[in-house]
Amino acid sequence: MSYGESLPDQVDRVAGLSDAQADILSDIRELYRERATLERDYAAKLQALAQKAVDKKNKKMALAVVGDEPSQPWDEETLQKSTLENAYSKIIASLVNSQQEHVNLADALNVQIVGVLAALARKNESYRKKQALFYQKVLGDRDRVYGDRAKSKQKYDEECAEVETYRQKQERAQDDKHSGRATKQYQQQVVDMHNAKNVYIISTAIANKMKDRFYAEDLRSIENQHQHLQSNYITNIVTVLHHAQALQLSHHDALKNQITIVDVSLNEIDPKKDQELFIEHNLRPFGAPADWGFEPCASHYDTDEVSVEGGAKVFLQNKLSRSRTKLSELKPLLETKRKEAEQAMSFVTAGSGNPSSGNVDAIDGLLEAQHQVTLYETSQSVLEAEIQIIEKALGGDEGSQSPHTFKSSSFTIPTECGYCATSIWGLSKQGKTCKACGISVHSKCELKVAADCPGARGVRQKTTDSASSSTSVLSRSSSRASSAVTPTPSSFTQSSPLVAPEAEQPVVRVIYDFSPTSPFELAVQEGAIVHVVEEDDGSGWVKVVDQDGGRGLVPASYIEAIDGALASETSAGHSLGSGQFVRGVYVYQSQGRDELDVSEGARIELTSGPTGGRNYADGWWEGIDALGRKGIFPSNYVELV
């Protein structure tokens with residue numbers, strides 16, 4: 001389909017289309033010119049970035065390869081042995097090479113695309129101007145023929161008028177002597193009229209022929225020439241644009257090659273090899289510091305032997321007993337932490353090299369577990385050293401095996417220390433009270449009291465009527481803790497020193513209203529059910545916690561014990577679920593009756609209350625499993641849901 005056949009007499013519109021297409025293609029040429037400018041600007045920024053990276057690398061790489069004070073000489077070749085340094089160098093080289101590739105692309109676009117497009121545009125503009133001039137010439141030739149016809153018609157009309165004039169002259173000159181001349185002039189004018197007529201007819205035929213040719217051939221030819229020029233120009237432009245795409249594909253292949261080179265160098269990074277290189281350049285002779293020895297006081301001569309005379313022996317015996325107890329509690333907890341660290345290490349190893357698998361968070365858990373193991377092992381070493389030197393000093397004379405079970409106490413009335421016989425006073429845990437025999441001492445005197453507790457030997461000391469009416473649950477718990485059963489890891493947790501586990505707190509009823517007179521006391525109403533967290537230590541006061549978590553002292557005579565059924569019901573009501581759940585992440589096997597098993601994916605509901613749920617102790621939470629059993633479990637084995 002051609003313009004000439006389909007669009008007769010629309011040369012101006014066809015020419016306008018050529019102009020519009022030339023304008024669009026000019027915009028495309030400008031697009032590539034600006035693209036080349038951007039490539040060059042980007043290349044300059046890459047070059048600056050690469051130079052900045054080189055400067056930083058030159059300053060810091062030696063520290064990252066051989067350290068700040070290597071023991072062996074090193075040079076640039078030494079640094080190049082590092083796989084990390086090699087990968088870093090390849091990354092920088094990739095930036096430099098990529099920068100050059102962008103410069104090459106900018107040059108190629110300017111020369112091979114923008115320049116060629118500009119040349120084609122200039123040539124196309126020349127063709128369009130020539131075509132416009134030719135169209136004007138064809139129009140001029142046509143209009144000249146049309147003008148000649150109009151002139152011949154005018155000439156013919158004029159000759160016809162002259163014939164009529166000469167005819168009238170001839171009629172007037174019939175009898176005149178000039179009649180012959182008039183007749184001759186008339187006849188000549190008739191000949192001229194006929195000639196003008198013939199010229200007019202011929203010019204009309206020519207004009208018609210020119211018209212037919214103009215519309216049937218010339219206009220079609222001109223429009224088809226425009227069409228050919230458009231097709232040829234666009235085809236040439238497309239060829240150039242295809243070349244532009246080829247240049248960009250080649251550019252992308254070059255960039256991809258740089259990425260491949262860096263990727264290969266990253267795969268070659270070997271932390272162990274780099275660590276060996278660091279070790280090789282930091283080998284130094286090492287000797288452990290000498291052991292410390294005993295340094296006698298300048299004002300008192302003494303030997304380096306441990307004193308085991310009188311009160312010093314009692315102090316050592318108590319300290320030995322306490323250290324052994326702590327060590328027995330620490331060992332199972334340390335073993336649990338070691339297993340946690342092993343499980344975390346397995347998880348980290350399985351997810352190594354895949355940060356999206358949660359490996360980053362797992363490493364944090366591994367470090368936490370390893371740090372805990374280190375701290376527990378340090379505590380174990382301290383306890384073992386204490387036990388070893390004390391056992392050696394005592395030579396088997398470890399004294400009575402009936403130690404007191406002291407608990408922290410607050411005293412609102414003056415109380416005499418059972419060891420130094422001075423007063424104990426205050427609400428800030430300034431003293432200790434034995435839960436078995438009731439003796440009260442200063443905190444500083446605790447280890448000085450001989451381990452011969454009558455209560456521990458089964459001889460219970462008589463106390464006041466109010467005290468004897470209710471056996472201390474805390475005392476029973478302490479007696480069980482000192483039995484031969486190995487403590488569970490949870491028994492080593494650092495929970496609140498004044499609050500026993502909720503299941504072991506005595507439940508009592510308030511029988512009188514009490515209004516506090518100091519900030520250390522708690523307001524209670526008659527009939528209220530409260531939990532005893534510190535029993536009467538002889539001061540006449542008991543520390544309790546109410547259903548809202550409020551804590552404080554109330555007079556011991558204002559409360560009474562309640563029967564076991566009501567106590568169980570009240571305790572259960574106080575530790576209802578909180579509605580907050582956790583999900584097991586690792587498997588944990590309970591190691592005591594107060595603990596819960598944790599299965600991977602199993603849900604546990606946290607308990608409520610001031611000492612329940614996440615408030616139970618550091619590292620341990622309390623909850624209720626799917627079977628309704630209540631217990632505690634390690635908090636790092638679960639996650640909140």
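Modeller: Gladly! Let's start at serine 152, whose side chain comes within 2.8 Å of the backbone oxygen of arginine 149.

Biologist: What makes the approach of serine 152 to arginine 149 a polar contact?

Modeller: The term covers a pair of N or O atoms within 3.5 Å; within protein, one must be able to donate a hydrogen and the other to accept it, and residues adjacent in sequence count only if both atoms are side-chain atoms. At 2.8 Å, the pair of serine 152 and arginine 149 falls inside that distance. One word on the ground rules: this is a predicted model, where local features need pLDDT of at least 70 and side-chain atom pairs count only at pLDDT 80 or more, while totals for chains, interfaces and linings use all residues. Residues are numbered from 1 along each chain as its sequence is written, and side-chain values use heavy atoms, with hydrogens and water left out.

Biologist: Why is serine 152 called buried?

Modeller: Its relative accessible area is 6%. Buried means under 20%, exposed over 50%, and partly exposed in between (1.4 Å probe, protein chains only), so serine 152 is buried. The residue sits in helix α4 and, not counting residues up to four places away in sequence, touches Ala196, Val199, Tyr200 and Ser203. Here a touch, or contact, means heavy atoms within 4.5 Å.

Biologist: How do you know whether tyrosine 146 is buried, partly exposed or exposed?

Modeller: Tyrosine 146 is also found in helix α4. Its relative accessibility is 27%, so tyrosine 146 counts as partly exposed. Leaving out residues up to four places away in sequence, tyrosine 146 touches Ala207, Lys211 and Tyr215. Lysine 211 is 65 residues from tyrosine 146 in sequence, yet their C-alpha atoms are 8.6 Å apart.

Biologist: What makes α4 and α5 roughly antiparallel?

Modeller: Helix α4 (residues 83–172) and helix α5 (residues 179–267) have axes that come within 8 Å and cross at roughly 175°. Axes are lines fitted to C-alpha atoms, for helices over the stretch in contact, and angles run from 0 to 180 degrees between N-to-C directions. Under 35 degrees counts as roughly parallel, over 145 as roughly antiparallel, 65 to 115 as roughly perpendicular and the rest as oblique; α4 and α5 are therefore roughly antiparallel. Their contact has 47 nonpolar, 23 polar and 15 charged residues, where Ala, Val, Leu, Ile, Met, Phe, Trp, Tyr, Cys and Pro count as nonpolar, Asp, Glu, Lys and Arg as charged, and the others, Gly among them, as polar.

Biologist: How do you know what counts as a helix or a strand?

Modeller: Both are DSSP runs, numbered from the N terminus: helices are H or I with at least four residues, strands E with at least two. By that rule the protein chain has eleven helices and 13 strands.

Biologist: What makes threonine 433 buried?

Modeller: Threonine 433 has a relative accessible area of 5%, so it is buried. It lies in strand β2 (residues 423–434), and a polar contact of 3.1 Å joins its side chain to that of serine 440. For the protein chain of 641 residues, 36% count as buried.

Biologist: How do you know how far to trust residues 459–487?

Modeller: I look at pLDDT, the predictor's confidence in each residue, from 0 to 100. The protein chain averages 83, with 85% of the residues scoring at least 70. Over residues 459–487, however, the pLDDT is below 50, although this stretch has 27 contacts in the model beyond near neighbours in sequence. Residues 491–503 stay under 50 as well. Where pLDDT is low, the predicted coordinates should not be read in detail.
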